Amino acid sequence: PTVVDLTTAGKAFGLGRTKSLEMVRADEFPCRAIKIGSRYMVPTPHLVGALGGLTPALSGLIAAECAA
């Protein structure tokens, strides 16, 4: 996917939904997040870059997001 939701991106950093939302609102989230309507979305290339590349764990998170 070109974007993932904030909760999925937060999981990649070991963060829960509430902490991820707090961090994005304080402009402290580890990568770029875009507000679309009432939701925050994270561009997948920014997430991958912030994590230092595509890892097996990140691949699993993204695959789970696509299946949902």
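These numbered points describe a predicted model of one protein chain, from its overall fold down to single residues.

1. Overall layout. The chain contains 4 helices and 3 strands. In sequence order these elements give the pattern β-α-α-β-β-α-α. The radius of gyration is 11 Å, close to the 11 Å from the globule rule for 68 residues, so the chain is as compact as a globular protein of that length. The C-alpha trace spans about 30 × 25 × 20 Å along its principal axes.

2. Burial and surface. Of the 68 residues, 31% are buried. The accessible surface of the chain is about 4,100 Å², and carbon and sulfur atoms account for 55% of it. As for contacts between residues at least 6 apart in sequence, 45% of them link residues at least 24 apart.

3. The sheet. The 3 strands form an open sheet in the order S1-S3-S2, with antiparallel pairing. Strand S1 (3-5) and strand S2 (34-36) are the edge strands, and each pairs on one side only. From one strand to the next, the twist averages 45°.

4. Pairing of S1 with S3. Strand S3 covers residues 39-43 and pairs with S1 over 3 bridges in the antiparallel sense. Val 4 has Val 42 as its bridge partner in S3, and Val 3 has Pro 43.

5. Pairing of S2 with S3. These two strands also run antiparallel and are joined by 3 bridges. S2 and S3 form a hairpin with 2 residues between them, and Gly 37 in the turn has a positive phi of about 65°.

6. Cover over S3. How many of the residues of S3 are buried? The count is 4 of 5, so the strand is mostly covered, given that buried means under 20% relative accessible area. In a regular strand, side chains alternate between the two faces of the sheet.

7. The nonpolar core. The largest nonpolar core has 14 residues, and those with the most contacts inside it are Leu 6, Ala 9, Phe 29, Val 42 and Leu 47. At least two residues of this core come from each of helix H1 (6-12), helix H2 (17-25), S3, helix H3 (44-50) and helix H4 (56-67).

8. Val 42. This residue is the bridge partner of Val 4 and is also among the core residues with the most contacts inside the core. With residues up to four places away in sequence left out, Val 42 touches Thr 2, Val 3, Val 4, Leu 6, Ala 9, Phe 29, Cys 31, Arg 32, Ala 33 and Leu 47.

9. Ala 9. This residue lies in helix H1. Ala 9 counts as buried because its relative accessibility is 0%, where the limit for that class is under 20%. Apart from neighbours within four places in sequence, Ala 9 is in contact with Val 4, Phe 29, Val 42 and Leu 47. Ala 9 and Ser 38 are 29 residues apart in sequence, and their C-alpha atoms are 17 Å apart in space.

10. Lys 11. This residue is also in helix H1. Lys 11 is exposed because its relative accessible area is 52%, and the exposed class begins over 50%. Lys 11 and Leu 61 are 50 residues apart along the chain, with 8.1 Å between their C-alpha atoms.

11. Asp 27. Which loop holds Asp 27? Asp 27 is placed in the loop between H2 and S2. Its relative accessible area is 72%, so Asp 27 is exposed. The phi of Asp 27 is near 60°, a positive value in a residue other than glycine. Most residues other than glycine have a negative phi.

Notes: Residues are numbered from 1 along each chain as its sequence is written. This is a predicted model: local features need pLDDT of at least 70, side-chain atom pairs count only at pLDDT 80 or more; totals for chains, interfaces and linings use all residues. Side-chain values use heavy atoms; hydrogens and water are left out. Two strands pair if DSSP finds at least two bridges between them. Axes are lines fitted to C-alpha atoms, for helices over the stretch in contact, and angles run from 0 to 180 degrees between N-to-C directions. The radius of gyration is taken over C-alpha atoms; the globule rule is 2.2 Å times the number of residues to the power 0.38. Buried means under 20% relative accessible area, exposed over 50%, partly exposed in between (1.4 Å probe, protein chains only). Contact means heavy atoms within 4.5 Å. Accessible areas come from the Shrake-Rupley method with a 1.4 Å probe; for residues, only the protein chains shown count as cover. A nonpolar core is a set of buried Ala, Val, Leu, Ile, Met, Phe, Trp, Tyr and Cys residues joined through side-chain atoms within 4.5 Å.
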